[in-house]
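Subject: Structure for your files

Hello,

Please keep the two together when you file them.

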Amino acid sequence: MILVFKHFFYKNYVGLSLWPFIILKEDSLKTDEVLINHERIHLKQQRELLILPFYILYISEWLFRTVLYLDSYRAYQNISFEREAYANEKDMQYLSKRRFFGFLQYLTR
């Protein structure tokens, strides 16, 4: 289910997945297939980790990488979940061929 909340986002962020919703900054983004696919990859990650552990791991990895890089945005870009989603967001068939725990291959890259 896709929801739109214009005042929910920080800076340049335009989309967010919070199980079971995709939340967008603007209604026009509903037609952005790449963004929607990116967020669907996150929904798949959340579901396979039984939701709550996904958020714990996501925040933990972001905190670790923020300390490592001393840059919160660079840390965000290097979270394994984000790396998997960005690397495959243009492949509209990715979710049908994605391996279970596919984000793990992006953990150490």
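Leu-43 and its contacts

Leaving aside residues up to four places away in sequence, Leu-43 touches Ser-17, Trp-19, Pro-20, Phe-21 and Ile-22, where contact means heavy atoms within 4.5 Å. This is a predicted model, in which local features need pLDDT of at least 70 and side-chain atom pairs count only at pLDDT 80 or more, while totals for chains, interfaces and linings use all residues. Residues are numbered from 1 along each chain as its sequence is written, and side-chain values use heavy atoms, with hydrogens and water left out.

Leu-43 sits in helix H1; helices (H or I, at least four residues) are DSSP runs, numbered from the N terminus. Leu-43 counts as buried because its relative accessibility is 11%. The classes are buried under 20% relative accessible area, exposed over 50% and partly exposed in between, with a 1.4 Å probe and protein chains only. Between the C-alpha atoms of Leu-43 and Ile-56, 13 residues apart along the chain, the separation is 15 Å.

H1 against H4

Helix H1 (residues 33–48) packs on helix H4 (residues 80–88) at an angle of about 140°, and their axes are 9 Å apart. Axes here are lines fitted to C-alpha atoms, for helices over the stretch in contact, and angles run from 0 to 180 degrees between N-to-C directions. H1 and H4 are therefore oblique to each other (under 35 degrees is roughly parallel, over 145 roughly antiparallel, 65 to 115 roughly perpendicular, and the rest oblique).

From H1, the contact is made by Asn-37, His-38, Ile-41, His-42 and Gln-45; from H4, by Phe-81, Glu-82, Glu-84, Ala-85, Tyr-86 and Asn-88. Sorted by class, the contact of H1 with H4 has 4 nonpolar, 5 polar and 2 charged residues. Ala, Val, Leu, Ile, Met, Phe, Trp, Tyr, Cys and Pro count as nonpolar, Asp, Glu, Lys and Arg as charged, and the others, Gly among them, as polar.

H4 is mostly covered, with 7 of its 9 residues buried. The buried residues of H4 are packed against H1, helix H2 (52–69), helix H3 (72–77) and H5.

Met-92

Met-92 is in the loop between H4 and helix H5 (94–97). Its relative accessibility is 36%, so Met-92 counts as partly exposed. Not counting residues up to four places away in sequence, Met-92 touches Glu-33, Val-34 and Asn-37.

Aromatic pairs

There are 12 aromatic pairs in the structure. The rings of Phe-5 and Phe-8 have centres 6.3 Å apart and planes at 50°, so this pair is tilted. Phe-8 also pairs with Phe-9, edge-to-face, at 5.6 Å centre to centre and 85° between the planes. Rings of Phe, Tyr and Trp (its six-membered ring) pair if their centres lie within 6.5 Å; planes under 30 degrees apart are stacked, over 60 edge-to-face, and the rest tilted.

Phe-8 is partly exposed at 43% relative accessibility, whereas Phe-9 is buried at 14%. One aromatic cluster is formed by Phe-54, Tyr-55, Tyr-58, Phe-81, Phe-100, Phe-101 and Phe-103.

Regards

Methods: Helices (H or I, at least four residues) and strands (E, at least two) are DSSP runs, numbered from the N terminus.
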